[in-house]
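Me: Can you walk me through this one? I'm new to it.
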Amino acid sequence: MRWIVFYMLRSYTASQRYFGPVAFTIIAVLLLYSYKPNPVMNSFAATTIILFVGSAWLGLSLLNHEHPVQRQVSIVQARSKLRYNTGTLLTLGALILLLDLLVVGYPVLTGQFDEPAGLYRIVIAFAGHALLGLLGVTISLYLQASWVTKTSYAAGLMLTVVILSIGSQKLSELIPGPFVYILLPPSYPVMDALMNADDLPLIQLLGVFMHALIYIVLFTGFNLYRSSRMDDSKSL
């Protein structure tokens, strides 16, 4: 499995498709902190959304960076499609955690806040960013070329889902029932929980995080199961 991760990292960085999503994330964070001092949790809540958008874009670019023929060769080398897909997910997870460290660590190390962040707030900020980063990746899994063949359609769908997810609070007021919170990635609840983390009980905060984690596990697990059994010959 390790060689699959190393291969994917080398192949992806050589393709230079990482530049757009990574540059977007870094520049957006730098712009946010261009004026200081900044409130701690409000700033962290804002950067979770930046990472959410950047991660969805990053996931889509990595999943589609290989030529279809090369992808088939990689699957053969991995000895199973499940191993190949799992290695790809691990690669995405590693990239998201690296961005998470950069986005959370930058304002702390450079003194961008109006008060000390404190270990508790840094830990929950790291967890919240990781969850929204993985949520962004979860969206991209269902928009890769083997699921949505046209890149323009995939990009449009990604943007639509991201916008609906961020605005899910308003959408839930228009659509009664639990459907919005079940179907849409719970980016807004995580962002809102981080924004109000200083006043929320820890158990409530963990409940919001658990909701996001369950969503990630269920939708990623289903995608992994379904993708490992799909016929990719149409994309060749």
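**Cavity and helix packing**

Reply: The largest cavity holds about 140 Å³ of space. A cavity here is a set of points on a 1 Å grid over the protein atoms alone where a 1.4 Å probe fits but cannot get out, and its volume is the space filled by probe spheres set on the points. This is a predicted model, where local features need pLDDT of at least 70 and side-chain atom pairs count only at pLDDT 80 or more, while totals for chains, interfaces and linings use all residues. Residues are numbered from 1 along each chain as its sequence is written, and side-chain values use heavy atoms, with hydrogens and water left out.

Me: Switching topic: at what angle do α3 and α7 cross?

Reply: Roughly 155°, with the axes of α3 (residues 40-63) and α7 (residues 151-166) coming within 11 Å. Axes are lines fitted to C-alpha atoms over the stretch in contact, and angles run from 0 to 180 degrees between N-to-C directions. The two helices are therefore roughly antiparallel, the word for angles over 145 degrees.

Me: Which residues of α7 make the contact?

Reply: Ala154, Ala155, Met158, Val162, Ser165 and Ile166, where contact means heavy atoms within 4.5 Å.

Notes: Helix = DSSP H or I, 4+ residues; strand = E, 2+ residues; numbered from the N terminus. Parallel < 35°, antiparallel > 145°, perpendicular 65-115°, else oblique. 1 Å grid on protein atoms, 1.4 Å probe; cavity = no way out; pocket = protein on both sides within 12 Å on 5 of 7 lines; lining within 4 Å.
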